[in-house]
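Take the model one region at a time.

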Amino acid sequence: MSDTKAKLNVPGRDPIELPVLSGTLGPDVVDVSALTGQGLFTYDPGFVSTGSCESKITYIDGNKGQLLHRGYPIDQLAEQSNYLETCYLLLYGELPTRQEYEEFTSVITRHTMVHEQLRSFYSGFRRDAHPMAIMCGVVGALSAFYHDSLDISDVEHRKVAAFRLIAKMPTLAAMCYKFSIGQPFIYPDNSMDYAENFLHMMFGTPCEDSVIDPAISRAMDRIFLLHADHEQNASTSAVRLTGSSGANPFACIAAGIAALWGPAHGGANEAVLDMLYEIGDEKNIDKFIERAKDKDDPFRLMGFGHRVYKNFDPRAKVMRESCDEVLAVLGIENDPLFRIARRLEKIALEDEYFIEKKLYPNVDFYSGIILKALGIPTNMFTVIFATGRTVGWIAHWHEMISGEYRIGRPRQLYTGATERDYVSIDQR
Ligand code: SDX
């Protein structure tokens, strides 16, 4: 317990001393858990100033534009690591030795297939169902198939559930796409690495062998890596809150997928592409910038702004470089959407409104352009985000379940009716 105290003076009450706790990085926190015993609650809609837990997984410094996974900067991981090695790091806290890495990738590779019965689950949806709707259903349904890994108090159950989720998300995601275009599901190929296998299941057919450009699978791997984890964002908080009731890991991840779908969160990458199409031409950019600044217009510049980053999202910087590379490899450097995006970024970053409100491009601003260049349909963008983020959700769920935790149960500021007696209908 901390020796440093904060003193809270509330009129009509004795001063309340609250412990001030310090982490290894970031702001100190005031532990307010004792307040309820003093007949007081804190009030912080949107949790702008609230730390929900202690964690060792990811650290973000919004002013510096810094993102660390277990202490390693995201740009170094994007440059020198790969998605599965980063998964190992997020789950276990250290970079793997070569043997640990090979064992981990081997286990993940051998859990990529899904139960054959799951295939018929898809046929219950319309072909034009949004793939995120399917993913919410199918991932939650995994708990109906894996009764051997639902005991969250069993460390082995937790481990195999984590492997199954990381391994099967690309398979389930690709099945959403195949189902939507009426093509047969493609089984995973154990001779391929994680991203290559995903592209194989997305674009392969039973009629010929898949030929996947290494530069393209590297870009796909980097997209998964850049989405792997991001501290206590809305969907990760949904996973933690769901897990705090003792719900099984598949149900928790389904809750994360549902939360991620919103356009203010993971749904923004799809919304960025829709916005760029709506802008249509560089000459229309100024009009949309004005709309984004107009309080009476609900339009916001999708892919801009962030609750934590008040500087460049470091992932957006890496994503922009990756965008340059992918478009060059594909020979579409002059992609009109990319040109609009680069121009939009330049204009917005020079505009007083965006400067004053510290609105910078976030991870979603460029990811959609890369995904479109890779041939991924727009409605699959958030599914890709969910696939990459699954390891972060699991790492946080596991960190919570492995330690001391209680069911999450926020309180409220009640402003409704005070007590009153029932009135029979003929008296109303
Ligand atoms: C992700 O939390 C995470 O870590 C999320 C994420 C992750 O990896 O998990 O990083 C992924 O969700 C990235 C964000 C993707 N969403 C978008 O790109 C949607 C567009 N952005 C906005 O909706 C908004 O910026 C949020 C939701 C991202 C942040 O919302 P906040 O922190 O609640 O900020 P706010 O809405 O209070 O905005 C502050 C001000 C407001 O103006 P005032 O009320 O002060 O006058 O900035 C304005 C907003 O109107 N503003 C914008 C804007 N974003 C904020 N104005 C125009 N365009 C925008 N994009």
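Two strands pair if DSSP finds at least two bridges between them. Strands are DSSP runs of E with at least two residues, helices are runs of H or I with at least four residues, and both are numbered from the N terminus. This is a predicted model, in which local features need pLDDT of at least 70, side-chain atom pairs count only at pLDDT 80 or more, and totals for chains, interfaces and linings use all residues. Residues are numbered from 1 along each chain as its sequence is written, and side-chain values use heavy atoms, with hydrogens and water left out.

Begin at β5. Two bridges join β5 to β6 (residues 72-73), and the two run antiparallel. Here H69 stands opposite Y72. Two residues lie between the strands of this hairpin, and R70 takes a positive phi near 50 degrees. β5 (residues 66-69) also pairs with β4 (residues 58-61), again antiparallel, through four bridges. H69 turns up here too, opposite T58. The hairpin of β4 and β5 has four residues between its strands, and G65 takes a positive phi near 70 degrees.

Now the ligand. Its shell holds 24 residues, the closest being H230, H306, R307, R315 and R389; a residue counts as near if one of its heavy atoms lies within 4 Å. By class, the shell has 10 nonpolar, seven polar and seven charged residues. Ala, Val, Leu, Ile, Met, Phe, Trp, Tyr, Cys and Pro count as nonpolar, Asp, Glu, Lys and Arg as charged, and the others, Gly among them, as polar.

Which distances separate ligand oxygen atoms from the polar side-chain atoms of K357 and R389? For K357 the distance is 3.1 Å. For R389 it is 2.7 Å. K295 also has a side-chain N or O atom 3.1 Å from a ligand oxygen. Taken alone, the ligand exposes 1,100 Å², and the protein buries 78% of that. Accessible areas come from the Shrake-Rupley method with a 1.4 Å probe.

Last, the second largest pocket. A pocket is an open set of points on a 1 Å grid over the protein atoms alone, where a 1.4 Å probe fits, with protein on both sides within 12 Å along at least five of seven lines; lining residues have an atom within 4 Å of a point. This one holds about 480 Å³ of space. Among its 31 lining residues, D193, A195, S217, R218 and D221 are closest to the centre. α8 gives the most, with seven residues. The lining divides into 16 nonpolar, nine polar and six charged residues.

Methods:
Grid points are joined across faces, edges and corners, and a volume is the space filled by probe spheres set on the points. A polar contact is a pair of N or O atoms within 3.5 Å; within protein, one must be able to donate a hydrogen and the other to accept it, and residues adjacent in sequence count only if both atoms are side-chain atoms.
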